[in-house]
Amino acid sequence: MRQAVRHHLFWPVVALVALVVANTVARPSFLAVSFADGHLFGAPVDILRAAAPLLLIALGMTLVIATRGIDLSVGAVVAVSGAVALEYISTSANPESPGTVFAAVAIALVLSLVLGLWNGFLVTVLGIQPIIATLILMTAGRGVAMLITGGFITTVNSAPYKGLNSGYLLGLPAAVWISVAIFALVAVAVRRTALGMLLEATGINPAASRLAGVRSRTITWTVYTACGLLAGLAGILVSADTMAADANNAGIFVELDAILAVVIGGTALSGGKFNLSGTFVGVLVIATLDRTVTVLGISPHVTPLFMALVVVVVTLLQSPRVRERFAVAALRRRTGTATPVVVPDDGAAAPVPVPADAAPSSSDENLPDEKEVVR
Amino acid sequence: MTATTAGTVARRAPSFRLDRRYLPVAGTFVVLALMLVIGGTRHENFLTPTVFSNLFINNAHLIALAVGMTFVILTGGIDLSVGSVLALSTVIIASLLQAGLPTGVVLVVAVLAGALIGLAHGVMIQGFGVQPFVATLAGMFFARGLCFVIAPESISIGDASFKAIAGWDSWIGYFRVTMAVVIALVVAGIAFVVLHYTRFGRTVYAVGGGEQSALLMGLPVARTKVLVYVVSGTCAALGGVLFAMFSSSGYALSGVAMELDAIAAVVIGGTLLTGGTGFVLGSVLGVLTLGAIQTIIQFEGNLSSWWTKIVIGVLLLVFVVLQRVLTLRKT
Amino acid sequence: MELTGITVEFPPVTALAGVDFRLFPGEIHALMGENGAGKSTLIKALTGVYQTAAGTITVDGAEQSFTGPGDARAHGISTVFQEVNLCGNLTVAENIMLGAAEPRFLGALHWRRMRKLAAAHLERMGLDIDPGSSLDSHSLAVQQLVAICRATVGDCKVLILDEPTSSLDADEVASLFAVMRKLRDDGVAILFVSHFLDQVYEVSDRMTVLRNGGLVGEWFTRDLPAGELVPHMIGRSAELLETVERVHDAAAPSASGTPRLQALGLGRKGSIQPYDLDVYPGEVVGLAGLLGSGRSELARLLTGADRADSGTTSVEGKQVRLTTPRAGLANGIAFTSEDRKGEGVVGGLTVRENIVLALQAERGWVRPLPRKQVDEIVDKYIEQLGIRPANPDALMRNLSGGNQQKVLLARWLATAPRLLVLDEPTRGIDVGAKAEIQKVVADLGRDGMSVVFISSELEEVLRLSHRIAVLRDRKVVATLDAEGTTSDQVVALIAGGEPS
Amino acid sequence: SEPPAAEGGEAAGGGDELISVGFSQVGAESGWRAANTKSIQDTITEENGFELSFSDAQQKQENQISALRNYIAQGVDVLAFSPVVETGWDAVLEEAKAANIPVVLTDRAVETEVEDAYVSFIGSDFVKEGEMAGEWAAEEYDGEGYKVVELQGTTGSAPAIDRKEGFASAIEGTDLEIIDSQTGDFTRDGGKKVMEGFLTAHDDIDVVFAHNDDMGLGAIEAIEAAGKTPGEDIKIITIDAVKDGMQALADGKINYIVECNPLLGPDLAEVIKATVAGEPVEERIVVKDEAFDQEAAVAALPDRQY
Ligand SMILES: Nc1ncnc2c1ncn2[C@@H]1O[C@H](COP(=O)(O)OP(=O)(O)OP(=O)(O)O)[C@@H](O)[C@H]1O
Ligand SMILES: Nc1ncnc2c1ncn2[C@@H]1O[C@H](COP(=O)(O)OP(=O)(O)OP(=O)(O)O)[C@@H](O)[C@H]1O
Ligand SMILES: [Mg+2]
Ligand SMILES: [Mg+2]
């Protein structure tokens, strides 16, 4: 039990379970998943699909945060990527052809990659603080997206493109497959290679890492690029969801959600050690929370209050202090109140003379008598 | 004059150089001045006292926000709630005035509410080790939610004494100052004194320089960290007062994303987000910079909505890069 | 002051187990023990940084439990902790005065008086630096002196110094001791930690020895010769120490043929004047000089940690451009910085990861070291260097200072460099480990690795090096053969005499 | 108080041929707004005798006030703006009045104590729009016991408040019942997510009332994903009548749309010209909002511009 409480996933999972329970109480069929014409239907599937883009973004964000950075521009990249892809499809001769869709996706991804490169350039080469460096793209990027769509919402009809999000494979929507597969891929790439460790080293102590020969700059740059690319992919999923590129609203405030997911997952914003499985759970918590608001029928006026409450409770439970208290309580229960005193076993040849006398009672004595110290 | 004197002067020269710590602020100042001059060459009515006064009048509330944010960022924290707290403050003021409470009481209540939210942040961050980003994000949701609960619709302020205070203005030469500007500048002045001439202020810097070190130096780290959030909350609420004066109304949706402006202003003003270095007057310059960018865009007058965003981004970029180049050169 | 039965736990580690300790007014009391024995922990427990699991602290007969260093200080207990714990972004004056007795005028800080007071305090320590300058702009040694200066300000009944001398050279140590003696004569109780036995014997009146978190005993310094002290500390006999004496009595490698590394006119404006330096295979070159004489700068240019703006470097006769540490590593040059905390330790990673970091960085991220190989390397160095706790999964930041240094050394040894540049590698290391490290350095030389060795301890430099480069005022003033050179000769050079 | 000296030459508007207009737009938050901006930028042109200074306030009142102040400083002939909020314009309107610059409002009204603060307000009546939607619903569905869910616009925004109010008042007394109401932030994505939630929470939804087309289009996606048929299993009523919405209406996925006309440019041009010429103008110009059912949509679709 104590082990479980100490595990970094414990509280995020508890939060997730609590939300699911609350939903199930309000709506007993919440967890029910039905199967019809090869599709799974039900709230859990909806939640997973809605979580897919956030999962990708939070994944990139985790890596960026590990280097002590932050990327505020992900929402703008989502908008740009969706805008480019849909604009390309809508102006192409044949929106329904897979070739067109492939080209659209490729263009969008390349563009997001470039945007990620740009962020990385500002942060690593020019040495601009990440929050400001990415704030630039956060502002300008949405302008670019609007420039592409002319300020209107671009809509298209293209079955293959729609399939990227809502196509079904083995009963689950494509978006879920794509995001989970990429998540797993990146997680493996980071954890099964040395990248994760070098990333953490860079985030914890850049100066020391540099001296140890770590290519901190390249790594940081790569991470921003990856974050841009992942956000771009998320943008494709988002635009394929509604088949509309809304330059103004696509991915708005998603950076906050992503950061929140990362933090709920137990990764510190101060960089260093990161925790991809935690991010995964964090994303599910946020997606479920979004759904909970509607299922519980919370009035829009108090929705923000509710969100605040949940965030406070989850983060308080996760806070080191509270965890410690839980752990100590568990320890007490196991061992009784007295903390064991370990007597060191010193196998030294020399006897161990511990002063036997009490300390001199008066403190104005300058030095203790020789007697008091047993040789 | 002999060669010796020349030699002495030459060797002395480096000591006239600006202290490294002031470089970012100086950089901001130079680039801001440049920007204004360039704006002035492009538009006739740009470099006028009116425009300059408006820069302050329109951004007084942001100055208050940025001042509070400076304290937080100097300790290495961040406060995302300021925009929402500003809105909450305007809503409290407008609704209480509507209910007929005296102006003095209302203002005190509004500012206290901000301070309390700040205190809650401080306790969460210091007492429970919650990360500032998250604690204040929760505070942001909370304050915004409270706004909607109190009054989802905008309420205009009709109270005579409040309007009298808000409407007070005076001319210093050709420059107009309003009450809000006076308050904002006084707040900035007080912040300057507090940061540089009190133990609390120096502890703020010390905590930013290294929390562990400050703790081992025996400085009251915990108290300071809680207090900076109280300061920020209070300043945000004061910003709300100024915004209520500026707009004579309270509205739940005001100040959306204003925290980003405040953070940007602080960072542009030369404060490092990692804490420990920066000046509150730099933050004021940062606010003026953002205001100047807005003004330039408004004077351009033919930018479509998207070009506006792009140009803001580009100007921000130019600014940050220039500042960076200026500071790199001299170090 | 008296401590009884102090126990400190960092589950699962018990850092201190029921330690008793007494400190009397007007004495200088040395706290001795190996790296990781629990000295710093005892100090932190006593000043309220760590919570004690058991035990009592009595000050002037009254039981106390401090909430933190600030509280302790208010009760007259000032402390200088092991790692320099000051705020680099503040001025020297602030670092000295803040929180203690900062002068005020109408409630506001009185900056001018603060500077003046700070300058007076600095002068007492024999320091001539501008109190208005920011602490960052000074070398580590100066920072350490400032930290000590801070501790002596104000009403202080107990002064605790955790390895204050680790980065000081002989002169500064002497003036520090003078200050300490004066304070003792004024009735201040001083607790002093150092791994330099001769310093301990020079200045302390009494000593307490810790081992493995437990108390070994308490003695009058004059009653316990070094030969007996060391076994108490390390639980082994002192034979080890002797093996290091003149380790390279084997013939010095011939200084002919192609130098492994040759620097010609290497320099950087504002940091060090152009210098020439050759290092031959198997050779240990020591750098001697005063604080701020530019030893660290020389080393940094040599390895690519800093970029030189003049001169050339050749490795094995081939000219190379060392612009980054990575380039240095690629040419088989490794560098450990003197700034352990800032440029060495990656605190949030484990010991294992810290050890393999450089090796892994060299291989690139795509090819992770096989787990088995990692474990082999890690086990080997934990064993060889005696890293405590011997747990590869321990977090680096929780290791004691000396053990962190050993881990860093392991990091570089693991890359099997051809030239190892060590800037103050023995700082803060206990006698046993120091001997171990010196032995490693000597062995490395014998195995053909070249070493550039910087230490503030002249004896050490003389003992280990084949050749010695002497620096003064950021200039290499002489290069000597160690054979037949006496420390007096070197001191004369350092101080500004002509080479004999 | 007063400035120490009168400011140089008063902007002598009459000298030029062109009428200089300073227009401050709310932002670019939706396709509707884009159409609105385009309409204004396409009519207030030099060919038509205007010189337009346009700025986008990015949904921030402070930006808008600052823009208006700068236009006053520039000495434009006429000020026009779509206010972000209803309140808080007294000071700047006062300043405009002091500078003798007439003000025209578009799209949204203001609440002010300044007398004769503006010459005219051109725009739709949001309450009326809500009412029209409600009336149609009442007429079609009264007596069926239908359950309605509402997709609100951004919490606290004027159109969201007014449309909600209008709709609620119109269905009062019928057996239509609003069983749930949540904000979808005027976006497709928001509409879809909230509708998914509604579908999880309620089995018996008959009608969706969305405060704009985009949320309605999002709801369609959600309904389809849940295996139901929008327009039949669940009826949809929206407001705005942008092209995509009209298309969906024509396709039978939406049942009824109340128009909210963004093409305010021509009206604005007229009002400005009249004001400058000193002719009287109407204080409130309500743009004609139509409403469409499926047939009307099919007819109107071919020449829908936005
Ligand atoms: N915060 C901590 N968490 C876990 N373990 C710790 C922590 N601080 C110290 N320790 C452990 O306690 C033991 C004692 O460390 P301490 O720093 O007191 O040693 P020391 O005697 O000062 O050694 P050195 O001479 O190297 O400075 C070490 O084994 C160390 O790993
Ligand atoms: N008198 C001085 N005033 C200001 N800074 C000094 C002074 N002397 C040295 N320094 C600082 O110390 C550094 C040079 O010392 P460096 O570290 O190279 O010396 P070192 O010989 O390695 O001594 P150590 O490592 O023992 O401190 C420079 O970075 C310089 O900023
Ligand atoms: Mg220690
Ligand atoms: Mg050095």
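Let me start with C:Ala416, which sits in the loop between H15 and strand S19 (419-423) of chain C. Helices and strands here are DSSP runs, of H or I and at least four residues for helices, of E and at least two for strands, numbered from the N terminus. C:Ala416 is not a glycine, yet its phi is positive, about 45°. Most residues other than glycine have a negative phi, and most peptide bonds are trans. C:Ala416 is exposed, with a relative accessible area of 58%. Buried means under 20% relative accessible area, exposed over 50%, and partly exposed in between, with a 1.4 Å probe and protein chains only.

A word on the source: this is a predicted model, where local features need pLDDT of at least 70 and side-chain atom pairs count only at pLDDT 80 or more, while totals for chains, interfaces and linings use all residues. Residues are numbered from 1 along each chain as its sequence is written, chains are lettered from A and ligands numbered from 1 in the order in which they are written, and side-chain values use heavy atoms, with hydrogens and water left out.

D:Asp185 belongs to the loop between S7 and helix H6 (188-201) of chain D, and at 43% relative accessibility D:Asp185 counts as partly exposed.

Back in chain C, the peptide bond between C:Arg388 and C:Pro389 is cis, with omega about -10°. C:Pro389 lies in the loop between helix H14 (371-385) and H15 of chain C.

Next, ligand 1. Its shell holds 20 residues, and the closest are C:Asn35, C:Gly36, C:Lys39, C:Ser40 and C:Thr41; near means that a heavy atom of the residue lies within 4 Å. What lies 2.8 Å from an N or O atom in the side chain of C:Asn35? That is an oxygen atom of ligand 1. Polar backbone atoms also face oxygen atoms of the ligand, at 2.9 Å for C:Gly38 and at 2.7 Å for C:Lys39. The protein covers 88% of the 640 Å² of accessible area that ligand 1 has on its own. Helix H1 (39-46) and helix H15 (401-414) of chain C are the elements that give two or more residues to this shell, and H1(C) has the largest share, 3 residues. Domain 1 (2-234) and domain 2 (247-494) of chain C both contribute to the shell, so ligand 1 lies between them. The domain bounds come from an automatic or database domain assignment.

Ligand 2 has 13 residues around it, and the closest are C:Gly292, C:Arg295, C:Ser296, C:Glu297 and C:Glu338. A polar side-chain atom of C:Ser296 is 2.6 Å from an oxygen atom of ligand 2. A nitrogen atom of ligand 2 is 3.5 Å from an N or O atom in the side chain of C:Arg474. Here the protein covers 70% of the 620 Å² of accessible area that ligand 2 has on its own. Both areas come from the Shrake-Rupley method with a 1.4 Å probe.

Last, two strands. In chain C, S6 (residues 77-80) has C:Ile77 and C:Thr79 buried on one side, and C:Ser78 and C:Val80 buried on the other. S6(C) runs parallel to S9 (residues 158-162) of chain C, joined by 4 bridges; two strands pair if DSSP finds at least two bridges between them. In chain D, 5 of the 6 residues of S6 (residues 147-152) are buried.

Key: Polar contact = N/O pair within 3.5 Å; in protein donor to acceptor, adjacent residues only side chain to side chain.
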